[in-house]
Every structure is written in C-alpha cells, then in structure tokens.
Amino acid sequence: MAKKVIKKVKVIAPAGKATPAPPLGPTLGQAGVNIGDFTKKFNDATKNMMGDMIPVVISVYEDRTYDFVLKTPPASSLILKALNKEKGSGKPNTEKIGTITKAQLKEIAEKKMPDLNAGDVEAAMKIIAGTARQMGVEVK
C-alpha cells in the first residue's frame, strides 16, 4: 500500500552547503524530518551545483520517512549569475544594471525548462526575458 503524505515542505538551500542551523533546521524539525540525514543527502545530491540556491520540495510520510525533489535555481539568480551582479535594480524601468544576450537567455531558459510552464524553448525565453526586464536587465 502507498504511504500517506502528511506534509509537504518547500525550502531553498545553498547547493552542497546545507546545514542543520536555522532557517533549515527548525523548518525540517517541525515537519518531523531527520535533519542530519536530510542535509547529508541534499549536499550529496547538489555538490555539482555549488554556488546556486536550490529549491527543494520535501514530502514527509506518516512513518516519518521522506523523499525530496530538487528544482532548478530561480531564474533571477541565474540571470544575476550571468551578469556577475549581486542584485537587481531597485528601479528597473529607469536604472539598468546590465544586458544579457539572446544566447545567454536561451541557455538560462533551457536550464529552467523542467520547472517552467512553457511548451517550447522560445516560450521559455519570453518568460525569462520578462523576469530580466523586471530586474532592470536589458535583453539584446
């Protein structure tokens, strides 16, 4: 018989560097997840993505076991990484922080494709371009 899911927890943690310290530890503790075991498995699964913040969805079952699904990093962080910037513009319509090329846009869209609600890469590129515009980044 299938296990019954009692809770789904969504968190964002640094790839390969998750620790039981706050904010991750208390969130997982309230859900009844073995924190040390989760951080070890998460760090092993994300060691090749170092430097990115990785969203993860944890399904907790009634017998206190769990499994997790890794998502792709947020589009905004991928755009900032392509620009080598720390943060987006506070006034995106008037102050631009940089430009990205169509090639960079396509690369980001292809990386985000599994998590986007888009039928093809062209539609995904439009979604990423919209995110970039809202951050004060021009697309050339």
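Before I walk through the fold, a word on naming: helices are DSSP runs of H or I with at least four residues, strands are runs of E with at least two, and both are numbered from the N terminus. With that naming, the elements of this protein run β-α-α-β-β-α-β-α-α-β from the N terminus on, which gives five helices and five strands.

What we have here is a predicted model, in which local features need pLDDT of at least 70 and side-chain atom pairs count only at pLDDT 80 or more, while totals for chains, interfaces and linings use all residues. Residues are numbered from 1 along each chain as its sequence is written, and side-chain values use heavy atoms, with hydrogens and water left out.

Let me begin with the overall picture. Taken along the principal axes, the C-alpha atoms fill a box of roughly 50 × 35 × 25 Å. Of the 140 residues in the protein, 38% are buried, where buried means under 20% relative accessible area, exposed means over 50% and partly exposed is what lies in between, with a 1.4 Å probe and protein chains only. If we take contact to mean heavy atoms within 4.5 Å, then among the contacts with a separation of 6 or more, 58% are between residues 24 or more positions apart.

Helix H1 covers residues 24-31 and helix H2 residues 35-46, and their axes come within 10 Å and cross at roughly 120 degrees. Axes here are lines fitted to C-alpha atoms, for helices over the stretch in contact, and the angles run from 0 to 180 degrees between N-to-C directions. Angles under 35 degrees count as roughly parallel, over 145 as roughly antiparallel, 65 to 115 as roughly perpendicular and the rest as oblique, and H1 and H2 are therefore oblique to each other.

Which residues of H1 and H2 meet? From H1 they are Leu24, Gly25, Leu28 and Gly29, and from H2 they are Ile35, Phe38 and Thr39. These contact residues divide into four nonpolar, three polar and no charged, counting Ala, Val, Leu, Ile, Met, Phe, Trp, Tyr, Cys and Pro as nonpolar, Asp, Glu, Lys and Arg as charged, and the others, Gly among them, as polar.

Leu24, in helix H1, is buried with a relative accessible area of 7%, and, not counting residues up to four places away in sequence, Leu24 touches Val11, Ala13, Ala18, Thr19, Phe38 and Thr39. Thr39, in helix H2, counts as buried at 6% relative accessibility, and its contacts, leaving aside neighbours within four places in sequence, are Ala18, Thr19, Pro20 and Leu24.

Within H1, the buried residues are Leu24, Gly25, Leu28 and Ala31. They cover an arc of only 130 degrees around the axis, which puts them on the same side of H1; the arc is that of the directions from the helix axis to the C-beta atoms. Among what covers them are strand S1 (5-14), H2 and strand S2 (53-61). Just after H1, Gly32 takes a positive phi of about 85 degrees.

Arg64, with phi of about 70 degrees, lies in the loop between S2 and strand S3 (66-70) and counts as exposed at 59% relative accessibility. Asn84, with phi near 60 degrees, sits in the loop between H3 and S4 and is exposed, with a relative accessible area of 71%.

Finally, the later helices. The axes of H3 and H5 come within 10 Å and cross at roughly 70 degrees, and H3 and H5 are therefore roughly perpendicular to each other. Ala75, Ser76 and Ile79 in H3 meet Ile128, Thr131 and Ala132 in H5, a contact made of four nonpolar, two polar and no charged residues.

In helix H4 (residues 102-112), Leu105, Ile108, Ala109 and Lys112 are buried. Seen down the axis, they fall within an arc of 100 degrees, so they line one face of H4, and they pack against helix H3 (75-83), strand S4 (98-100), helix H5 (121-134) and strand S5 (137-139). On the other side of H4, Ala103 and Glu107 are exposed.
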